Amino acid sequence: MSKLTKNQKLAAEKIEPGKAYTLAEAAALVKEITFTKFDASADIDVRLGVDPRKADQNVRGVVSLPNGTGKTVRVLVLCTPDKEAEAKEAGADYVGLEEYIDKIKSGWTDVDVIITQPQNMGKIGPLGRILGPRGLMPNPKSGTVTPDVAKAVKEVKQGKIDFKVDKKGIVHTSIGKVSFTADQIRENAQAFINTLIKLKPATAKGTYIKSIYLSSTMSKGIKIDTKSIDA
C-alpha cells in the first residue's frame, strides 16, 4: 500500500470519519482539502433511489448554474445560413453545417457542445456513432436541438449543463471550480440538487436522494447530510 503524501494526510485530517456535513460546510471544506497546482473542478455525486433500467426512471435534465461552470466551453452550431450571424453574435465558436458535418465524419470532435436546429437532425443523425460515445449528440431534452440557436448558445456559455443518471443510479457532474468562493460552490450545488428533486419520477419509491458527496478533481469525497438540503 502506497504511503500518503503530506497533502493527502492534511486533507484526511480535515475530514471527520463518518461525519455528514451541511452543504455550506462541505463547500468550504472542499477548498481546504484541494492541493492541486491547477484549478480543480468542484464535483458532485448524487445517488438516487431510482431504477435506471426503467425508461420512466431514467433521470435526465439541464440546469443553469447561477455562478457558471468556470470552464471555457467550445460550442459548435450546425445551422442553416440564415441563423449563422446570430449564432456567432451569441458567442458560438464554430458555425456552419455541411462543412462541419464532413469534418465530424472525418473524426473531428474538438468541441464541448453541439447545438442544431430540428430540421437538421436528419443530416446529423448518422453522426451518432461518432458523437454519441463522446456525449456530443444534440438532444431536445438538453436544449441542444432548438429553433432558437442563439438563446441556446448564450445559456451554455453562461453555465447551463446537462446531466443524466448512470446505470448504477448515480448522477455525477462538475458544478464549478475550486477557485470559486465557498458560497458560489454551495449555490451551484444547491441549484443542481433542486433540479434533481424536481425531476423525481412519479414511479420512484422510497428514499429518492440517497446520498450526496462533494469533491474536487483529486480529493476525497465529503459526505453531505441530505437532511440539511433546502428543497
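Q: Which residue is the bridge partner of Ser41 in β7?
A: Ser41 is partnered by Lys177 in β7. This is a predicted model, in which local features need pLDDT of at least 70, side-chain atom pairs count only at pLDDT 80 or more, and totals for chains, interfaces and linings use all residues. Residues are numbered from 1 along each chain as its sequence is written, and side-chain values use heavy atoms, with hydrogens and water left out.

Q: What makes β1 and β7 a pair, and how do they run?
A: Two strands pair if DSSP finds at least two bridges between them. The elements themselves are DSSP runs (helices: H or I, at least four residues; strands: E, at least two), numbered from the N terminus.

Q: How do you know that β1 also pairs with β8?
A: Seven bridges join β1 (residues 41-48) to β8 (residues 209-216), and these strands run antiparallel.

Q: Why are β7 and β9 called edge strands?
A: Their sheet is open, with four strands in the order β7-β1-β8-β9 and antiparallel pairing. β7 (170-177) and β9 (222-224) each have a single partner strand, so one side of each is left without a neighbour in the sheet. On average, neighbouring strands here are turned by 25° against each other, direction ignored.

Q: Why can β1 be described as largely enclosed by the rest of the structure?
A: Buried means under 20% relative accessible area, exposed over 50%, and partly exposed in between (1.4 Å probe, protein chains only). Six of the eight residues of β1 are buried, which is why the strand is called largely enclosed. In the chain, buried residues make up 46% of the 231 residues.

Q: Which strands does α8 lie across?
A: α8 lies across β1, β7 and β8, and runs at about 150° to β7. Such angles run from 0 to 180 degrees between N-to-C directions, and axes are lines fitted to C-alpha atoms (for helices, over the stretch in contact).

Q: Why does Thr195 count as buried?
A: Thr195 is in helix α8 (residues 182-198). Its relative accessibility is 15%, so it counts as buried. Leaving aside neighbours within four places in sequence, Thr195 is in contact (heavy atoms within 4.5 Å) with Val62, Val63 and Phe163.

Q: Is Glu13 buried or exposed?
A: Glu13, in helix α1 (residues 6-14), has a relative accessible area of 64%, so it is exposed.

Q: Why are α2 and α8 called oblique?
A: Helix α2 (residues 23-32) and α8 pack at an angle of about 130°, with their axes 8 Å apart. Angles under 35 degrees count as roughly parallel, over 145 as roughly antiparallel, 65 to 115 as roughly perpendicular and the rest as oblique. The two helices are therefore oblique to each other. Contact residues include Leu23, Ala27 and Lys31 of α2, and Ile185, Arg186 and Ile193 of α8. By class, this contact has nine nonpolar, one polar and two charged residues. The classes are nonpolar (Ala, Val, Leu, Ile, Met, Phe, Trp, Tyr, Cys and Pro), charged (Asp, Glu, Lys and Arg) and polar (the others, Gly among them).

Q: What makes α3 roughly parallel to α7?
A: Helix α3 (residues 81-90) and helix α7 (residues 149-158) pack at an angle of about 15°, with their axes 8 Å apart. That angle makes α3 roughly parallel to α7. Lys83, Glu86, Ala87 and Ala90 in α3 meet Val149, Ala150, Val153 and Lys154 in α7. The contact has five nonpolar, no polar and three charged residues.
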